[in-house]
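This briefing is meant for a reader who is coming to the structure for the first time. Please keep the sequence and the 3D view at hand while going through the points below.

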Protein chains: 2
Amino acid sequence: MKNRIPSLEEYLETKKNVVDRALDEYLPELIGFSAEISDSMRYTLFAGGKRIRPVLCMASAEAVGGSPESVIPVACAIEMIHTYSLIHDDLPSMDNDDYRRGKPSNHKAFGEGVAVLAGDALLTEAFYLMSGKSSRGISPEKNLAIIHEISEAAGFRGMIGGQVADLRAEGKNVDMETVDYIHTHKTQALITVSIRAGAIIADACEDDLNALTEYGEKTGLAFQIADDILDIESCRTILGKDTGSDEGLGKATYPALIGLKESKARMRTLVEDALDAIRHFDEKAEPLRMIARFIAERKS
Amino acid sequence: MKNRIPSLEEYLETKKNVVDRALDEYLPELIGFSAEISDSMRYTLFAGGKRIRPVLCMASAEAVGGSPESVIPVACAIEMIHTYSLIHDDLPSMDNDDYRRGKPSNHKAFGEGVAVLAGDALLTEAFYLMSGKSSRGISPEKNLAIIHEISEAAGFRGMIGGQVADLRAEGKNVDMETVDYIHTHKTQALITVSIRAGAIIADACEDDLNALTEYGEKTGLAFQIADDILDIESCRTILGKDTGSDEGLGKATYPALIGLKESKARMRTLVEDALDAIRHFDEKAEPLRMIARFIAERKS
């Protein structure tokens, strides 16, 4: 087969299927005492997510000439972490969202207690997966370094830090420093580490790793701004959850602080910067370029 | 200094201080955006826990001739995991406990949203700690194996599995199989892995590791039965939380199923079995023996 560059749709679809199959294998349906917790974990894990983070992880490995297969366990672990954060984020004590991707959110389907535990279990399972035999293709030193980076990006130094600030900013007049802190921590950190992990596993040289880190930071921030814009502009049918919910909660977002028009301009600049960062990469980075452009144009 | 065997009180106190100092170093007070999450994590982490799991981890390393210092990061990571489980367990959607160790529980002090996130952050931090430079004294292969075992014991295959079964058993007539599942998963799994991790880091031979695993399983189960007995017999002043709360929630416990007298007999048999498992160990295992006996006699 020739090295034809697939369309974005083809690429996302193919990679999403790879991730879905791997996740189904890592976390199969269970019976007995484990039935309910595995049902609850799988309910949100297979609720139709776009798998952006694992796809970015694989695309990043490919961009530096690595095989996307070698990163699958780590890519799936990151998706588990992302999914746990959605489950906990939807809880009544947090964003109190009844819907997620067009379906009742986890606590609506399984009750709050099991939803808390399903989130905990997905987070724990991510580390079980990364430290297990599926990751044996990666050197132990590199494997540990990746676990370290991912736990840094997911914990209070990263994603959780952003969520706490987000929670505390609700209903308050916040400044740009706070909005920046929330966005760089809540969303950007995990997206950036997805891209870095793929590149590290694929033995990227330092220059390429730095360029991809820059790409990840810009893309991650653009992604969050796009999310906040969608929350205002989209309708529930397309987005699969209540829209305008950020506004209802008085959330600290770019649109709330600098308006829609300025937010869109900023998002487009970030996408351009992301593309700039990997301009010297060859056609193997084309998927990363398509994904960056897609972020600014997506409707859901 | 002669190799005088310290009293249990001396031993527990010394080791607890080591753990407290290390935890304080790994997770210091922070300012700025991280102030609230670190305050919340530290609030329950330093609420006066006995540090039984990290002490068992160190005592296990010592029992096979290893240095207790080399296991400190892993021992502290296990204490973080234990602490996160307490915070989430106390939530209104779970056990709904307003007090923990004589103080308002985490969600009473910081609100439910931050309590969920503080638990998440402590769990994530445990893996950050185990994969970081503090653990460099352990070979990367062994380090990964330990992370794998601990995530297995903490996740839905272990502790979380037990918590889901516990939650579902509330107010129901449950059989001994369910009570056994709850106890072996909710409490025994993490205690056993504490002991195994200490022994593995200290390069225990297979026979010794098996013996210590047996010791851990018996001790872990005895510990949970003792907890359930204390919940009935103790008063709030000593225990620092509401007693009789298991009964109020209709919890699946040994005392509820087979009565207090039979539960005590079973607990004593388990302690004897634990002592039997390490009977051939020399005096370096004396702390493990004292701890097993202490479990059956403790008042809080």
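**How the two chains are related**

Chain A can be superposed on chain B with an RMSD of 0.0 Å, by a turn of 180° together with a shift of 0.0 Å along the axis. That is the relation of a two-fold axis. The model is a predicted one, and the points below move from the arrangement of the chains to single residues.

**Confidence**

- The model as a whole scores ipTM 0.94 and pTM 0.94.
- Chain A has an average pLDDT of 92, and 93% of the residues score at least 70.
- Where pLDDT is low, the predicted coordinates should not be read in detail.

**Axis and interface**

- Two copies of a chain are related by a rotation about an axis and a shift along it.
- Among the residues of chain A, the one that comes closest to the rotation axis is A:Pro140, whose C-alpha lies at 2.7 Å.
- The contact between the chains takes 42 residues from chain A and 42 residues from chain B.
- On the side of chain A that touches chain B, the elements giving two or more residues are α2 (35–45), α6 (112–130), α7 (140–154) and α8 (159–169) of chain A.
- Of these, α6(A) provides the largest share of that side, with 12 residues.
- By residue type, the side of chain A that touches chain B divides into 21 nonpolar, 14 polar and 7 charged residues.
- Because 100% of the interface residues of chain A are also interface residues in chain B, the copies meet through the same surface.

**Overall build of chain A**

- The secondary structure of chain A comes to 15 helices and 2 strands.
- With a radius of gyration of 18 Å, close to the 19 Å that the globule rule gives for 300 residues, chain A is as compact as a globular protein of that length.
- The C-alpha trace of chain A spans about 55 × 50 × 35 Å along its principal axes.
- Of the 300 residues of chain A, 55% count as buried.
- Among the contacts in chain A with a separation of 6 or more, 72% are accounted for by residues 24 or more positions apart.

- Helix α4 of chain A, which covers residues 72–90, has 19 residues and reaches 27 Å from its first C-alpha to its last, close to the 27 Å expected at 1.5 Å a residue.
- Since 19 of the 19 residues of α4(A) are buried, this helix is largely enclosed by the rest of the structure.
- Helix α6 of chain B, made up of residues 112–130, also has 19 residues, and from its first C-alpha to its last it reaches 28 Å, close to the 27 Å expected at 1.5 Å a residue.
- This helix, α6(B), is mostly covered, with 18 of its 19 residues buried.

**Residues with a positive phi**

- Most residues other than glycine have a negative phi, and most peptide bonds are trans.
- A:Arg51 has a phi near 60°, a positive value in a residue other than glycine, and its place is in the loop between α2 and α3 (52–63) of chain A.
- A:Arg51 counts as buried, because 23 C-beta neighbours lie inside 10 Å.
- B:Asn96 is not a glycine and yet has a positive phi of about 55°; this residue lies in the loop between α4 (72–90) and β1 (99–100) of chain B.
- With 15 C-beta neighbours inside 10 Å, B:Asn96 counts as partly exposed.

**Positions seen across the chain**

- B:Ala199 lies in helix α9 of chain B, which covers residues 176–201, and B:Ala199 counts as buried because it has 27 C-beta neighbours inside 10 Å.
- The C-alpha atoms of B:Ala199 and B:Ser60 are separated by 5.5 Å, although the two residues are 139 residues apart along the chain.
- Not counting residues up to four places away in sequence, B:Ala199 touches B:Ser60, B:Ala61, B:Val64, B:Ala204, B:Asp208, B:Leu209 and B:Leu212.
- A:Asp273 has its place in helix α14 (residues 260–277) of chain A, and with 17 other C-beta atoms within 10 Å A:Asp273 is partly exposed.
- A:Asp273 and A:Ser194 are 79 residues apart along the chain, and their C-alpha atoms are separated by 18 Å.

Technical notes:
Residues numbered from 1 in each chain as written. Chains lettered and ligands numbered in written order. Predicted model: local features only at pLDDT ≥ 70, side-chain atom pairs only at ≥ 80, totals over all residues. Least-squares fit on C-alpha atoms with pLDDT ≥ 70 in both. Contact = placed C-beta atoms within 7 Å. Helix = DSSP H or I, 4+ residues; strand = E, 2+ residues; numbered from the N terminus. Nonpolar A, V, L, I, M, F, W, Y, C, P; charged D, E, K, R; others polar. Rg over C-alpha atoms; globule rule 2.2 N^0.38 Å. Buried ≥ 20, exposed ≤ 12 C-beta atoms within 10 Å, placed from the backbone. Expected span 1.5 Å × (residues − 1). pLDDT = per-residue confidence, 0-100.
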